[in-house]
Amino acid sequence: MVADYEAGDSATSIARKHGVAPSALLRFLRQQQAVIRQSGVTDEHAQRLISEHSAGSTLAELERRHHLSHGAAFRALHRFD
């Protein structure tokens, strides 16, 4: 699980795969001394996503490239509407 997280998989997707709550997975990762990524998307990151989407990247491509959930990527694209 730690290797998956450090490779960029989201805590939510790993937790779902193993049938545990994301909060339990994050607790486990902290116990294993994994560096927990900042959750959410900064305004700067959102601007980059918007730019890439305007240039033709699909939502699915952005999710994979930036290791974001569908919801996080979607909200970032609409943050400045």
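This is a predicted model: local features need pLDDT of at least 70, side-chain atom pairs count only at pLDDT 80 or more; totals for chains, interfaces and linings use all residues.
The secondary structure of the chain consists of 6 helices and 0 strands, and the elements accordingly read α-α-α-α-α-α from the N terminus on. Along the principal axes, the C-alpha atoms occupy a box of roughly 40 × 20 × 20 Å. Of the 81 residues in the chain, 30% count as buried, and among the contacts between residues at least 6 apart in sequence, 48% join residues that are at least 24 apart.

In helix α6, which spans residues 70–77, the residues A72, A73, A76 and L77 are buried. When α6 is viewed down its axis, these buried residues fall within an arc of 130°, so they line one face of the helix. In general, an α-helix has 3.6 residues a turn, so residues three or four places apart point the same way. The cover over the buried residues of α6 includes α4 (43–54) and α5 (59–66).

Helix α6 also takes part in the largest pocket, giving the most to its lining with 3 residues, while α2 (11–18), α3 (22–31) and α6 each supply at least two residues of that lining. The volume of the largest pocket is about 620 Å³, and of the 22 residues that line this pocket, Q38, S39, G40, H67 and L68 lie nearest its centre.

With regard to aromatic side chains, the structure holds 0 aromatic pairs; the ring of Y5, however, has the charged end of R37 sitting over it, at 3.9 Å from the ring centre.

Definitions and conventions:
Residues are numbered from 1 along each chain as its sequence is written. Side-chain values use heavy atoms; hydrogens and water are left out. Rings of Phe, Tyr and Trp (its six-membered ring) pair if their centres lie within 6.5 Å; planes under 30 degrees apart count as stacked, over 60 as edge-to-face and the rest as tilted. A charge sits over a ring if NZ of Lys or CZ of Arg is within 6 Å of the ring centre and within 35 degrees of the ring normal. Buried means under 20% relative accessible area, exposed over 50%, partly exposed in between (1.4 Å probe, protein chains only). Helices (H or I, at least four residues) and strands (E, at least two) are DSSP runs, numbered from the N terminus. The arc is that of the directions from the helix axis to the C-beta atoms. Contact means heavy atoms within 4.5 Å. On a 1 Å grid over the protein atoms alone, a cavity is a set of points where a 1.4 Å probe fits but cannot get out, and a pocket is an open set with protein on both sides within 12 Å along at least five of seven lines; lining residues have an atom within 4 Å of a point. Grid points are joined across faces, edges and corners, and a volume is the space filled by probe spheres set on the points.
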